[in-house]
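Here is a friendly briefing to read alongside your viewer. Please load the model and keep the sequence at hand.

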Amino acid sequence: MVTLEPCAHTGRTPPCTDALRAAGVARVVHAASDPTPQAAGGGEVLRAAGVAVRSGLLAEEVEQGPLRAWLHFARTGRPHVTWKYAATLDGRSAAVDGTSKWISSAPSRAEVHRLRARVDAIVAGTGTVLADDPHLTARDEDGRLLDRQPLRVVVGDRPLPPGARVLDDAAETLLLPGGDPAAVLDALAARGAVDVLLEGGPRLAGAFVAAGCVHRVLAYIAPMLLGSGPTALGEAGVASISQAWRWRIERTTMSGPDVRVSAVPIGRG
Ligand SMILES: NC(=O)c1ccc[n+]([C@@H]2O[C@H](COP(=O)([O-])OP(=O)(O)OC[C@H]3O[C@@H](n4cnc5c(N)ncnc54)[C@H](OP(=O)(O)O)[C@@H]3O)[C@@H](O)[C@H]2O)c1
C-alpha cells in the first residue's frame, strides 16, 4: 500500500514496477495516480503483468497531505506556495509602529519552525527583512538550528545592510530583485524547490495572491486586538466585493491560544 502509483520509468532509480514484479508482489493499493507523463502508467503495467491494482484509496487525504506540494509541482512545473501569516483577531499583521513580535503564541511559532524545516524555501520581501531583521531559519525552542534548513529567499530591489541576519552563514540565501511572483517561482523551480513557504509580508503576499501564486493559506489568528497597523494582506487586485478571492477552509485547529486556519483557493467573485 503506497501513496503514489508505482512508476514505470527509469529516473534516478529503475522502474518501481520492475522491482514489485521481481519481488513477487501480488496486490498493489495506491492513493494518487502519477501525473508526470514520463512516469505515469505504472498501474497499467502491473495489471498487464497480472498484479491486482487498486487506485484512489484515501486519494483526497494524500492529495491534501504528504503529496500536496509534489503533485502540484508535477502538474504545473512550479513550486507549491503556502502563505503563512500571523494576525490579530482584527486582521492586523503588525502594530502601527511596525512591530509584530509576537502576535502568535510560542506553540504556534514552534510549529512554524518545524514547518520551515520541511519546506525547500522560505520567501520574504525586503520590507519584512528591513523591518524585522529575521533569521528566516528553522530553529528549536532553545534557538538551536534544526538539521534541515530551507533556502532563504528575499524578494525586492532595496539593498540589505551587510549585517542583516538573513545574510549570515546559517543557511543559503538567494536575493531576487524585481518581484514578479511567477518569475520568483520559476527561479525557485530551477533550483529544485517544490514546497515553498511565503512568510510575507503583506505587500509581497498581496502580489502573490493577485498573481494566483498562493496555493494554501496557513493563518495563525491570535486572540489580540490592535485597532490600527497594517492588515495581513496588502493590495491584491480587488476593487470590489465581486472580485474577492474565494477560499475554502479545509481545517481549523487550536495552536496554544491561537486558531490555526488552513485554506485553499476556489476562485474569484
Ligand atoms: N504578522 C506576520 O505574519 C508578518 C509577516 C511578515 C511581515 N510582517 C510585518 O510586515 C511589515 C512589512 O510589510 P511589507 O508589506 O513592507 O513587507 P514585504 O511584503 O515583505 O515587503 C514589501 C517589499 O517587497 C518588495 N517587493 C518585491 N516584489 C514585490 C511585489 N511583487 N509586490 C510588492 N512588493 C514587492 C518591495 O520592495 P523593493 O522596493 O525593495 O522592491 C516592497 O516594498 C513589518 O512590519 C513586518 O513586521 C508581519
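Which residue of E11 does valine 217 stand opposite? Valine 217 stands opposite alanine 263 in E11. This is a predicted model, in which local features need pLDDT of at least 70, side-chain atom pairs count only at pLDDT 80 or more, and totals for chains, interfaces and linings use all residues. Residues are numbered from 1 along each chain as its sequence is written.

**Overall layout**

- The secondary structure comes to eight helices and eleven strands; helices (H or I, at least four residues) and strands (E, at least two) are DSSP runs numbered from the N terminus.
- The C-alpha atoms fill a box of roughly 70 × 45 × 35 Å along the principal axes.
- The protein is divided into domain 1 (2-64) and domain 2 (78-268), with bounds that come from an automatic or database domain assignment.
- Between the C-alpha centres of domain 1 and domain 2 there are 35 Å.
- Buried residues make up 34% of the 269 residues; a residue is buried if 20 or more other C-beta atoms lie within 10 Å of its own, exposed if 12 or fewer, and partly exposed in between, with C-beta atoms placed from the backbone.
- Among contacts between residues at least 6 apart in sequence, 72% join residues at least 24 apart; a contact here means that the two C-beta atoms, placed from the backbone, lie within 7 Å.

**The eight-stranded sheet**

- Eight strands form an open sheet with mixed pairing, in the order E7-E6-E5-E8-E4-E9-E11-E10; two strands pair if DSSP finds at least two bridges between them.
- Strand E7 (173-176) and strand E10 (245-255) are at the edges with a single partner strand each, so one side of each has no neighbour in the sheet.
- On average, neighbouring strands of this sheet are turned by 25° against each other, direction ignored; the axes are lines fitted to C-alpha atoms, for helices over the stretch in contact, and angles run from 0 to 180 degrees between N-to-C directions.
- E5 and E8 run parallel and are joined by three bridges; valine 123 has leucine 198 in E8 as its bridge partner.
- E5 also pairs with E6 in the parallel sense, over five bridges, and there glycine 125 stands opposite valine 155 in E6.
- Strand E6 (residues 151-155) is mostly covered, with four of its five residues buried.
- Strand E9 (residues 216-222) pairs with strand E11 (residues 258-268) in the antiparallel sense over five bridges.
- E10 and E11 are antiparallel as well, with ten bridges; isoleucine 249 has alanine 263 in E11 as its bridge partner.
- The hairpin of E10 and E11 has two residues between the strands, and glycine 256 there takes a positive phi near 60°.

**The three-stranded sheet**

- An open sheet of three strands has parallel pairing and the order E1-E2-E3.
- Strand E1 (2-4) and strand E3 (52-55) stand at its edges, each with a single partner strand, so one side of each is left without a neighbour in the sheet.
- Its neighbouring strands are turned by 30° against each other on average, direction ignored.
- E2 and E3 are joined by four bridges, and valine 28 has valine 53 in E3 as its bridge partner.

**Around the ligand**

- Of the 28 residues around the ligand, Gly125, Gly127, Gly179, Gly200 and Gly201 come nearest; a residue is near a molecule or strand if its C-beta atom, placed from the backbone, lies within 6 Å of it.
- Strand E4 (80-88), strand E5 (121-125), helix H6 (126-132) and helix H8 (202-210) are the elements that give two or more residues to this shell.
- H6 gives the most, with five residues.
- By class, the shell has eleven nonpolar, twelve polar and five charged residues; Ala, Val, Leu, Ile, Met, Phe, Trp, Tyr, Cys and Pro count as nonpolar, Asp, Glu, Lys and Arg as charged, and the others, Gly among them, as polar.

- Glycine 77 follows H4 and has a positive phi, near 80°.
- Glycine 192 lies in the loop between helix H7 (181-190) and strand E8 (195-198).
- Why does glycine 192 count as exposed? Glycine 192 is exposed because it has 11 other C-beta atoms within 10 Å.
- The C-alpha atoms of glycine 192 and aspartate 120 are separated by 8.3 Å, although the two residues are 72 residues apart along the chain.
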